[in-house]
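Hi everyone, thanks for coming.

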Amino acid sequence: MRIILMGPPGAGKGTQAKRLVDKFGMAHLSSGDIFRAEKAGGSALGQKLAEYMNAGQLVPDEIVVEIMAKAITSCDSPAGLLLDGFPRTVAQAEALDAQLDQAGKSLDGVVVITADEDEIVERITGRRSCSDCGKVYHVKYLRPQNDNLCDKCNVQLVQRADDTEGVIRQRLAAYNLQTEPVIAYYRGRPNVQTLFVNGTQPPDNVTADLVQGLEQLKTEM
Ligand SMILES: [Zn+2]
């Protein structure tokens with residue numbers, strides 16, 4: 001099974017990706033992890049990547065595709081793979097198709113975790129964390145026993161500087177702008193299933209929906 005997992009920031013994509021990999025055994029190809037490893041490995045490609053990342057610039061499609069193609073072709077997990085963070089643009093999606101074609105493989109599905117924007121804003125702006133132990137609380141959903149103090153360390157909880165509504169709405173707008181054409185591209189591909197799962201539910205319910213959707217997809221493959 002070869003699938004792409006997509007979802008806006010704050011929708012719990014990372015947690016769900018881990019759970020799906022545990023359940024189905026496919027390789028988890030997270031572009032963030034792969035980029036970090038490539039950078040740390042110091043290859044010529046890794047050095048080019050580092051230049052863009054260190055300057056805070058967007059990495060050009062051809063570099064992204066080259067790195068991800070290498071990871072995909074060297075992945076021989078019999079259970080398949082779960083792509084996370086790639087492809088982000090239609091050009092990347094087309095390059096991925098060409099890559100898979102060449103290897104005699106194909107993509108089976110695109111899974112999108114959806115979530116209401118106001119819900120995401122509430123989730124993220126309400127996060128508070130302990131600067132000592134790193135434990136994350138929420139002003140509404142996971143309150144500390146004593147107001148704004150870590151249960152374990154008794155120190156003041158802090159809010160991350162970029163966990164503000166303005167920053168989150170900007171990130172969500174960027175996500176929509178980038179991913180909507182990619183989702184539309186895959187909806188136009190006859191052999192690729194698209195599956196939407198409501199991420200505005202407790203995490204266990206999201207997992208249950210994802211698992212059910214993927215089991216279904218497997219039977220149709
Ligand atoms: Zn603490």
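Let me begin with a term: a polar contact is a pair of N or O atoms within 3.5 Å, and within protein one must be able to donate a hydrogen and the other to accept it, while residues adjacent in sequence count only if both atoms are side-chain atoms. Please keep in mind that this is a predicted model, where local features need pLDDT of at least 70 and side-chain atom pairs count only at pLDDT 80 or more, while totals for chains, interfaces and linings use all residues. Residues are numbered from 1 along each chain as its sequence is written, and side-chain values use heavy atoms, with hydrogens and water left out.

So, which backbone nitrogen lies 2.7 Å from a polar atom of the Gln92 side chain? That nitrogen belongs to Arg88. Gln92 sits in helix H5; helices here are DSSP runs of H or I with at least four residues, strands are E runs of at least two, and both are numbered from the N terminus. With a relative accessible area of 5%, Gln92 is buried. Buried means under 20%, exposed over 50%, and partly exposed in between, using a 1.4 Å probe and protein chains only.

Pro87 is in the loop between strand E3 (81-84) and H5.

A word on method: on a 1 Å grid over the protein atoms alone, a cavity is a set of points where a 1.4 Å probe fits but cannot get out; a pocket is an open set with protein on both sides within 12 Å along at least five of seven lines; and lining residues have an atom within 4 Å of a point. Points are joined across faces, edges and corners, and a volume is the space filled by probe spheres set on them. The largest cavity holds about 30 Å³, and helix H4 (61-73) and helix H5 (90-102) each give two or more residues to its lining. That lining has seven nonpolar, two polar and no charged residues. Ala, Val, Leu, Ile, Met, Phe, Trp, Tyr, Cys and Pro count as nonpolar, Asp, Glu, Lys and Arg as charged, and the others, Gly among them, as polar.

Now for the metal. What coordinates the zinc ion? Cys130, Cys133, Cys150 and Cys153 do, each through SG, at 2.3 Å. Donors are N, O and S atoms within 2.8 Å of the metal (3.2 Å for Na, K and Ca), and since water is not among the atoms, sites may look incomplete. The spacing in sequence is C-x2-C-x16-C-x2-C. The arrangement is tetrahedral because the four donor atoms subtend angles of 108 to 112°; for four donors, that label needs all angles between 85 and 135 degrees. Cys150 is buried at 1% relative accessibility, whereas Cys153 is partly exposed at 24%.

Two asparagines deserve a look as well. Asn148 has a positive phi of about 60° although it is not a glycine, and phi of Asn154 is near 60°. Asn148 lies in the loop between strand E6 (136-138) and strand E7 (157-158), and Asn154 is in the loop between E6 and E7 too. Asn148 is partly exposed at 27%, while Asn154 is exposed at 51%.

Notes:
Four donors count as tetrahedral if all angles lie between 85 and 135 degrees; four count as square planar and six as octahedral if opposite donors are over 155 degrees apart and all others between 65 and 115; anything else is irregular.
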